Amino acid sequence: MSNTPKRKKSAAADDDIGRDIRLELFRLQLELRLCEKRAYDLFLQNLIKGTSHLSLGQEAIAAAFGVAMRPDDWTFCTYRGHAHTLARGASMSGVLGELMGRECGLLGGKGGSMHLTDVSKGAMGSYAIIGAHLPVAAGAAWSAQYRGTEQVAVCFFGDGTTNIGAFHEALNFSVVWKLPVIFVCENNLYMEYTPISAVTAVEHPAADRAAAYGLEKIVVDGNDADEMYRTASKYIERARRGGGPALIEAMTYRHSGHSRADPGKYRPEGELEKWLERDPIKIYRERLLELGIVEATLNDIEGEVMQQVNDATETAKASAPPSLDGIYRHVWADGGAAWRN
Amino acid sequence: MAELTYRDAVAAGIAQEMKRDERVVFLGEDVAHAGGVFKATVGLLDQFGPKRVRDCPISEQAILGAAMGAAMTGLRPIAEIMFSDFLAVCWDIVANEIAKSRYMTNGQVQVPLVIRTANGAGSRFGAQHSQSVENWAMMIPGIKVVAPAFPADVKGLIAAAVRDDDPVLVFEQKSLYSFKGEVPDGEHVDELGKARVLRQGKDCTIVALALMVHRALAAAEILEKEHGISCTVVDVRSLVPLDTVTILAEVARTGRLVTVEENPRLCGWGAEIASIIADECFWELDGPIIRITTPHIPLPSADQLEDNTIPSVERIVREIVEKID
């Protein structure tokens, strides 16, 4: 038995995570939540077209990694990637502008919701074909290993991805080459509209496959930002030191449907309500208060983040539609689109 | 000038670039210890070591995905896909990821990599190991595509592909691996997007690629000697970028276009060239455009059957004589 004294409520200041990181985790989760909610509002106002896959309810995972990663580490994420891109520090106006098809968008209006990227922040792309980015993340990790830079690639994907071939190819490849890559499965219980349990041979779609690649089984509460942060930090640092890849399954739930087109009617009655009780931001706010952080501090952060989202919305709304010149730019490295002389 | 086989020119091109640039790495199935199933990469492991020359599992998506991720983050990978037919199992990575990332990210991401693959018929391997799929690649915006016919071009175009900041697919012709030819001594770097006029004639311009270049040249000899038809032969070499300046000029000079393609008929690369000629060179033409292609069928394997599907020297001669005379 440990004989360390029981932590007091003010432990936020001096435990393994500490007050500053906790406030950062709180702020970042709020940024992801409020920006995502704003994106939804802008849809309803028809200011955002196309499709969109929201991360409402899954913020703790993106935020924990966002805080735990080194600025020069790399994120690879899916079409449900608004949160992961923002979590690396991409500008809110850049994200909202891209969703709205404006000049100020991160991709100048050429990618849209499903391809958010900010290379300057290490957000190496949102990939809209299931499974495609797992091998790409492995390749970035190979580059880090080859050049000895101690960078780590982190690759986020959903539970549905575990049933496609690229998932298995990438895991085997990364283990054999001992690459510094962390694969993070956000298990939100549904592959698009179908329960993952109805189409998967094992209970934990990612973690129960880990043993097949000589990896340990890791299942973590994806709605607990502290647990996510501890897990992220541990395996990122291990990978950075040459310890090879990890496969983490984070249990979570999306509060909205799969995409804009999906009201989520296939979910059993009461399931959403149960998970709303376990809303990661609600849980975290309560914990911070329990740990002795005064409510005024949290209220201030909430006010600041709301202001930030409002400002970003106004910036994006004020931005012009992209110039038509962009259509023929950046097919090739010379900046153009010519395929013949 | 040294005489090298086409397969040795592959290794020579890769070695030249790996020596020059530490960022160049090479990966594929059976490429390191075994030196490739076509023995086109023999010696590279010994010369550059296991950190830079790497054997991979049979995981084409992982191979090309890893090459892409490495290229996005500072390396210049060369990835081998053993048979071009296998591109079908990793086509998502080629067509959706590698080709589109630069554009979709408005220029933030660059993917300077080379995919080499053994393409084409002639080895009696049947329908899943003999296809000519250069036209699959040509129709995807964002990938450059070359298909060398001679050892010197193999070395020079691989070198140019490695140095290019865009993704380049190099289609090597598997039935040409033992073909010998002169390769310039010392560093040899070619240029993407340049066709080459191999022979000039008065009556007809034959535009061909890879193995079909050799057959077009042989057919041109026969047409000249036995039928009095004098042919220009243009080796396209690069489908993307496409050297339309050379092709348009050479067709205008003779007033006739014949494409000789190993790909099956529908949407073969010759169709695009025929369209360009029809649009831009119509009034210079003295007769209809002729496309000689493999029929629109999966390839059969027996000697007799395969030889009667892909365009032969005899068939090129026959079709030109019938349609031009």
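**Reading a helix, a sheet and an interface**

Me: What covers the buried residues of H10(A)?

Reply: The cover includes helix H1 (19-44), helix H2 (59-68), helix H8 (225-240) and helix H11 (295-318) of chain A. Helices (H or I, at least four residues) and strands (E, at least two) are DSSP runs, numbered from the N terminus. A residue is buried if 20 or more other C-beta atoms lie within 10 Å of its own, exposed if 12 or fewer, and partly exposed in between, with C-beta atoms placed from the backbone.

This is a predicted model, where local features need pLDDT of at least 70, side-chain atom pairs count only at pLDDT 80 or more, and totals for chains, interfaces and linings use all residues. Residues are numbered from 1 along each chain as its sequence is written, while chains are lettered from A and ligands numbered from 1 in the order in which they are written.

Me: Which residues of helix H10 of chain A are buried?

Reply: An α-helix has 3.6 residues a turn, so residues three or four places apart point the same way. In H10 (residues 280-290) of chain A, the buried ones are Pro280(A), Ile281(A), Tyr284(A) and Leu288(A). Their arc around the axis is only 90°, so they sit on the same side of H10(A). The arc is taken from the directions from the helix axis to the C-beta atoms. Lys282(A), Glu286(A) and Glu290(A) are exposed, on the face turned away from the buried side of H10(A).

Me: In what order do the seven strands of the open sheet in chain B run?

Reply: Strands of a sheet pair through backbone hydrogen bonds, either parallel or antiparallel. Here two strands count as paired if DSSP finds at least two bridges between them. The order in chain B is E3-E2-E4-E5-E7-E6-E12, with mixed pairing. Strand E3 (53-55) and strand E12 (238-240) of chain B stand at the edges with a single partner strand each, so one side of each lacks a neighbour in the sheet. Strand E6 (residues 144-146) of chain B pairs with E12(B) in the antiparallel sense, over two bridges. There, Val146(B) is opposite Ser238(B).

Me: How many residues of chain A are in contact with chain B?

Reply: Two residues are in contact if their C-beta atoms, placed from the backbone, lie within 7 Å. By that rule, 38 residues of chain A contact 41 residues of chain B. H5(A) gives the most to chain A's side, with 10 residues.

Me: What ipTM does the predictor give the complex?

Reply: The ipTM is 0.97, and the pTM is 0.96.
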